[in-house]
Amino acid sequence: MKVISNDIFFAHVEELLTEGQSVVIRVKGYSMRPFMRSDRTQVRIAPLTDSERKALRVGDIVLFRYRGRHIMHRIRRIDEDKITLAGDGNYRIWEQCSPQDVVGIISDVISFNGRTISCHSRLWRNASTLWLAIPQILRRVILAILAKLGVK
């Protein structure tokens with residue numbers, strides 16, 4: 001297996017998105033649990049036009065630049081020139097970026113068994129809304145139980 005740096009990898013991802021191509025990448029990290037699992041889930045990132053960037057809404061999952069890194073999190077709030085984001089598994093950490101820092105939107109989630117779920121589907125939107133409606137302390141307990149069961 002060949003490992004490349006994130007800087008080189010995401011520069012290439014951004015280049016493909018700029019050319020209008022979608023990109024499929026494997027999720028790394030645990031901040032988007034329980035819907036996405038590190039090294040097991042893949043996501044399809046779709047490019048954004050300027051008009052689509054203006055049409056982003058709360059609940060969308062995006063790839064964005066933040067302090068020299070690329071992060072994939074859910075939009076929690078949109079102000080005129082500022083977007084607030086957080087991972088589904090984060091209960092205290094929030095990031096903020098400008099709309100220009102958003103490089104792509106997650107259009108599909110591909111599970112470890114190959115099942116593809118559209119992030120625009122009713123099923124995905126309802127599950128996401130339900131998860132975010134659960135109080136943070138209860139989400140934290142659920143995630144701890146899943147971790148104890150070995151579901152990372």
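This is a predicted model: local features need pLDDT of at least 70, side-chain atom pairs count only at pLDDT 80 or more; totals for chains, interfaces and linings use all residues.
Colleague: How far does helix 1 reach from its first C-alpha to its last?
Modeller: Helix 1 has 13 residues, and the expected span is worked out at 1.5 Å a residue. After the helix comes G20, with a positive phi near 90 degrees. From first C-alpha to last, helix 1 comes close to what is expected, reaching 18 Å.

Colleague: Let's move to the pockets. Which element gives the most to the lining of the largest pocket?
Modeller: Helix 1, strand 1, strand 3 and strand 4 each bring at least two residues to that lining. With five residues, the one giving the most is strand 4.

Colleague: Which residues lie nearest the centre of the largest pocket?
Modeller: That pocket holds about 820 Å³ of space. Its lining splits by class into 14 nonpolar, eight polar and six charged residues. There are 28 lining residues, and nearest the centre lie N6, F10, R26, K28 and H70.

Colleague: What volume does the second largest pocket have?
Modeller: Its lining takes in 13 residues, with F35, V109, S111, I117 and W124 nearest the centre. Sorted by class, the lining has eight nonpolar, three polar and two charged residues. The volume of the second largest pocket is about 250 Å³.

Colleague: Which helix gives the most to the lining of the second largest pocket?
Modeller: W124 is one of the residues nearest the centre of this pocket. The helix giving the most spans residues 122–133 and supplies three lining residues, and that is helix 3.

Colleague: What about the cavities: which elements each supply at least two residues of the lining of the largest cavity?
Modeller: A search of the whole structure turns up two cavities of 30 Å³ or more, and the largest has a volume of about 40 Å³. Its lining residues are G59, D60, I61, I105, I106, C119, H120, W124 and R125. By class, they divide into five nonpolar, two polar and two charged. The elements supplying at least two residues each are strand 7 and helix 3.

Colleague: And which residues line the second largest cavity?
Modeller: This cavity has a volume of about 30 Å³. By class, the lining divides into two nonpolar, three polar and three charged residues. By name, they are D88, G89, N90, Y91, Q136, R139, R140 and L143.

Colleague: Which residues does Q136 touch, not counting those up to four places away in sequence?
Modeller: Q136 is found in helix 4, and it is one of the residues lining the second largest cavity. Leaving out sequence neighbours up to four places away, Q136 touches Y91 and W94.

Colleague: How does Q136 count by relative accessibility: buried, exposed or partly exposed?
Modeller: Buried means under 20% and exposed means over 50%. Q136 has 33% relative accessibility, so it counts as partly exposed.

Colleague: How far apart are the end C-alpha atoms of helix 4?
Modeller: Helix 4 runs over residues 136–148, and G150 follows it with a positive phi near 85 degrees.

Colleague: Last one: setting aside neighbours within four places in sequence, which residues is R37 in contact with?
Modeller: R37 is found in the loop between strand 1 and strand 2. At 21% relative accessibility, R37 counts as partly exposed. Beyond its sequence neighbours, R37 is in contact with V27, F112, V151 and K152.

Terms used
Residues are numbered from 1 along each chain as its sequence is written. Side-chain values use heavy atoms; hydrogens and water are left out. On a 1 Å grid over the protein atoms alone, a cavity is a set of points where a 1.4 Å probe fits but cannot get out, and a pocket is an open set with protein on both sides within 12 Å along at least five of seven lines; lining residues have an atom within 4 Å of a point. Grid points are joined across faces, edges and corners, and a volume is the space filled by probe spheres set on the points. Helices (H or I, at least four residues) and strands (E, at least two) are DSSP runs, numbered from the N terminus. Ala, Val, Leu, Ile, Met, Phe, Trp, Tyr, Cys and Pro count as nonpolar, Asp, Glu, Lys and Arg as charged, and the others, Gly among them, as polar. The expected span of a helix is 1.5 Å times one less than its number of residues. Buried means under 20% relative accessible area, exposed over 50%, partly exposed in between (1.4 Å probe, protein chains only). Contact means heavy atoms within 4.5 Å.
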